[in-house]
Amino acid sequence: MAIEARPYAMSSMFAALALLLVVVYRRRPSWLRWVGLVLAIAAAMLVHLYAALPMAGLVAAAWFFTKGRRRWMLAAAGIVAAALVAPFGVATSRQLGQIGWLASEKYSLIETALVQSWAVSRTPPVPEISDRVPDAIAAAMAVVAAILLIAVVVESRGRHLRRLAFALVPVATGVGILWIASLVWTNVLQGRYLTPVAPFFAMALAELAIHAQRRWVRSLVILLMVGSLTLFGFEQRTYAKASTTDYNLMSRVMRQSARAGDGFLIDPIQDWVFSYRGAVSVDPGAFAALIDLAQPTKPPLDFAWAHDPPELNLAAQEWLPPRIWVASWHTRRAVYGPQLAELGYHSVYAKSGVPQGHTITLWEK
């Protein structure tokens, strides 16, 4: 998700820090650690509001498994953190309409809950066998983890599993609530929303590995290690959300070849997701010195994706710069290239991207 600047990994980092601070505070409490815990919980929720679910589980587990004054201080840390984030949550709740389309998407609990929670792999529209391998490994790892959990609990007869229970409470709140809401209400579960649960699941797996006694149970831990490394290898493959989103092509060409004062145009398609306007949103600095002929003023942030302005009639414009860059689709009707040709412009340079993507052309007059 890094290419979209989504802060899921950062939320997971703060969740791990909160878990660590709970552990050290329970051993040796101090005001510095308490304040650090408040800030870590608040930070995890600020960068990803769904992190509130595992954070609530963490605070609940800390309260339940701690005795004396410390339990109430840990509970107070969660309450203070929630109060700090509440105004932000209220303000951003107005954006919920932007993701209302998720409920109408094709939904698979197996795909979302078992596969994407282990490894987010965007499968191409026409997948090859190799594209399905990570999905199969991820689903198998979910099954192996479940078997490992049951085996360790049975062979230990429930003893010495306090820390395992501590870790599983945030997993239950962070995953279970989203599952239940998606099943009985509307589809709100996306695999990436489970990221803040990762530190607690890692702690749970570590506890299972520590308490595994029989050889066949320990072999399950080895299987999980091998599976994780295999999935990590698959995640290193070239990634694109879709074959058409070669956003870096245009920004790269602009940085290398454009001049200050050049104009640029992007052939509109009026598609609510795949507009190539995303290239400008991803790297606005590459276009800072250029003239956006179709959209001279920055549009409001009223939707999750950039969308195309109405098609421009170039012949009706009072003035056009002598150099104009045009981004056109390989698979759709050319819009601005033919208009520029009629106005006496000539194409002098072109750079193409992926087969289903775009060509960036420089027109001069």
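In which sense do β4 and β5 pair, and over how many bridges? They pair in the antiparallel sense, over six bridges. Please keep in mind that this is a predicted model.

**The sheet**
- Five strands make up an open sheet with mixed pairing, and their order is β2-β1-β3-β5-β4.
- At its edges are β2 (291-292) and β4, each of which pairs on one side only.
- A hairpin of five residues connects β4 to β5, and S347 has W363 in β5 as its bridge partner.
- β1 and β2 pair in the parallel sense over two bridges, with G263 opposite I291 in β2.

**Helix α10 and its neighbours**
- Helix α10 spans residues 247-257, and its buried residues are Y247, L249, M250, S251, V253 and M254.
- These buried residues pack against the strands β1 (263-266), β3 (323-329), β4 (346-352) and β5 (358-364), and also against α11 (278-282).

- In soluble globular proteins, nonpolar side chains tend to be buried together.
- Here the largest nonpolar core holds 59 residues, and L37, I41, M55, L58, L148 and F166 have the most contacts inside it.
- Elements giving two or more residues to this core include α1 (8-27), α2 (31-47), α3 (52-64) and α4 (69-92), as well as α6 (129-156), α7 (162-184), α8 (198-211) and α9 (215-235).
- Apart from this core lies another one of 17 residues, with V253, F264, V280 and W325 among them.
- Leaving aside residues up to four places away in sequence, I41 touches A18, M55, V59, G78 and A81.

Terms used. Residues numbered from 1 in each chain as written. Predicted model: local features only at pLDDT ≥ 70, side-chain atom pairs only at ≥ 80, totals over all residues. Heavy atoms only, no water. Core = buried A, V, L, I, M, F, W, Y, C linked by side-chain atoms within 4.5 Å. Buried < 20%, exposed > 50% of the residue type's maximum accessible area, 1.4 Å probe, protein only. Helix = DSSP H or I, 4+ residues; strand = E, 2+ residues; numbered from the N terminus. Contact = heavy atoms within 4.5 Å. Pairing = 2+ DSSP bridges.
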